[in-house]
Amino acid sequence: PMIQEHSLKSRPGLFDGYVTGGFFDEMFDGDKPRPPYVRLYKTISGLDVDEFRARCELADLTLVTQGITFTVYGDGQGIEKPFPVDLIPRVLPAKEWCQLSNGLAQRVRALNLFLHDVYHEGQILMDGVVPRGLVVNAPSYRRSLVGTNVPNDVYVHICGTDLIRDERGTYRVLEDNCRTPSGVSYMLENRLILMRVFPSLFRENRVQPIDDYSTLLLHNLRQLAPAGRDDPTVVLLTPGVYNSAYFEHSFLAQQMGIELVEGRDLFVDSEVVYMKTTRGPQRVDVIYRRIDDDYIDPLVFRADSSLGVAGVVNAFRAGNVALANGLGTGVADDKAVYPYLPAIIKYYLDQEPMIEQVETFMGWRENDLDYMCKHARELVIKETNGSGGYGMLIGPQASKAEITDFIAKVRADPRGFIAQPLIKLSQSPCFVDGRIEGRHIDLRPYILCGKDDVTIVPGGLTRVALTRGSYVVNSSQGGGSKDTWVLADPRGPSQSMGEGGVMSQTSGDAS
């Protein structure tokens, strides 16, 4: 269909010729900035291209010198690349964020109740709310952990839920990431970089702070320690320097003041985990793992894994060490379970979902499978256990041969695929190739589940599909990101720049 375009040709400077198109634009409503963006628009539109480019170059230099990188798999030009950061922040008003955070907290509470149930009584399966076969045959379901208790009955301690906005501006949950969600270090670094290269923006806008994330995470991790361990030792377990998110692992360990370890740094004796140190073995009480289930213990899962720790699962079962996130959490973010989340929320919380989902066709249903195959050109078809933007077909952008090949995979393993209509993701202004253009974005807030509460730092990681027309925002496929602002409520504190660029708390009228 013909796209109705609105161009800001009357606006001078950086936004000259900006096209909002047929998408929901985060900054503009027609040719006018939305209320939360008014001050930001005024500041940026007052700059010329050379001024803005100079700030971008300073940001790029900061990224390189600090080693803020990500791996783009399959790129023959090199493994590590500086993580692309766009300097035009995404802005959310406080009221809108409050509604989103309530919906996210509702969702993660239901996910934790679901995980406890399926690894214990399985009542939701017996009641037929979620098909038993769908759960117990999921690749990420761990039969060996049935009956295993976890600290505080919390399985998902850190959740990254991906949100999108459709053409009407309605937020929808695209997927949950309950295993080892990544990207939070880029959320934190984006804020620091923007404060360094564009401090005036924070004097003109009252933005809620996010710098306490690491403190909150460490507090929650320490709460998981076995009984009697009053001063618990917490470590972050990484697969190593060749992992795509190694920068994040080292960053978070440094921020929390804990040891960054690899599997070879740990060993198990009498179902207790120890860390090798120059002073001898030191007991480990909590492991913040960034290694998938399959690789964490060669005695239980993949025998060929050299990344994990032999015997750590038995120590976990015995209650002598806690793992965050818990083992077996992948069954909750399996895309085959996603369509049942509204029913799961209703079953455990007796509430309607606060955030909508995307209409989903399920390959294991005969009628849905038939529709998927006949309408593949109109759909996005995804592997139920895939991640990172891999293992999916974007029908409207695929060739006839690609669709034919992918449909053959779907018919061979119907349980392994779902399909959704291609949502016209909202766009946000980004500085690309010397001019500001619209690029598609999503939002990944980070949800921390503690012993007694759920905490969400205001904002999250806004991921950007840097290629014009692309819907793939994943960092591992060349996407970028931008800072996400939640404007302060009139009754609460905001983030501003103190002496020397140090973050401080201020109060004042809302913007």
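Mentor: Start with D153, which is partly exposed at a relative accessible area of 40%. Here, buried means under 20% relative accessible area, exposed means over 50%, and partly exposed lies in between, with a 1.4 Å probe and protein chains only. D153 is not a glycine, yet its phi is positive, about 60 degrees. This residue sits in the loop between α5 (132-136) and β6. Helices (H or I, at least four residues) and strands (E, at least two) are DSSP runs, numbered from the N terminus.

Some ground rules before we go on. This is a predicted model, in which local features need pLDDT of at least 70 and side-chain atom pairs count only at pLDDT 80 or more, while totals for chains, interfaces and linings use all residues. Residues are numbered from 1 along each chain as its sequence is written, and side-chain values use heavy atoms, leaving out hydrogens and water.

Now follow the chain into strand β6, residues 158-165. β6 pairs with β7 in the antiparallel sense, over 6 bridges. Two strands pair if DSSP finds at least two bridges between them. The two strands form a hairpin, with 5 residues between them. In that turn, G169 has a positive phi of about 85 degrees. R165 stands opposite Y171 in β7.

Strand β7 covers residues 171-177. Of its 7 residues, 6 are buried, so β7 is largely enclosed by the rest of the structure. β7 also has a parallel partner: strand β15 (residues 356-357), joined over 2 bridges. There, R172 has E356 as its bridge partner.

Go back to β6 and pick out D162, which has its place in that strand. What is its relative accessibility? D162 comes out at 2%, which counts as buried. Its side chain makes a polar contact with the side chain of R444, at 2.7 Å. A polar contact is a pair of N or O atoms within 3.5 Å; within protein, one must be able to donate a hydrogen and the other to accept it, and residues adjacent in sequence count only if both atoms are side-chain atoms. Contact in general means heavy atoms within 4.5 Å. Leaving aside neighbours within four places in sequence, D162 is in contact with R172, V173, L174, E175 and N177, and also with D442, L443, R444 and R463.

β21 (residues 435-444) runs antiparallel to β24, and 4 bridges join them. R444 has L461 in β24 as its bridge partner. β24 (residues 461-464) is covered on both faces. L461 and R463 are on one side, T462 and V464 on the other, and all are buried.

Now the nonpolar packing. The largest nonpolar core has 69 residues, and F114, L266, I287, I296 and I344 touch the most other members. A nonpolar core is a set of buried Ala, Val, Leu, Ile, Met, Phe, Trp, Tyr and Cys residues joined through side-chain atoms within 4.5 Å. Helix α3 (residues 94-118) gives the largest share of this core, 9 residues. A second, separate core of 60 residues includes I158, L221, L236 and F251. I158 falls within the range of β6, residues 158-165.

L221 takes us to helix α8, residues 213-222. The buried residues of α8 are Y213, S214, L217, L218, N220 and L221. They cover an arc of only 160 degrees around the axis, which puts them on the same side of α8. The arc is that of the directions from the helix axis to the C-beta atoms.

Last, the setting. The protein chain has 14 helices and 27 strands. Of its 511 residues, 56% count as buried. Among contacts with a separation of 6 or more, 66% join residues 24 or more positions apart.
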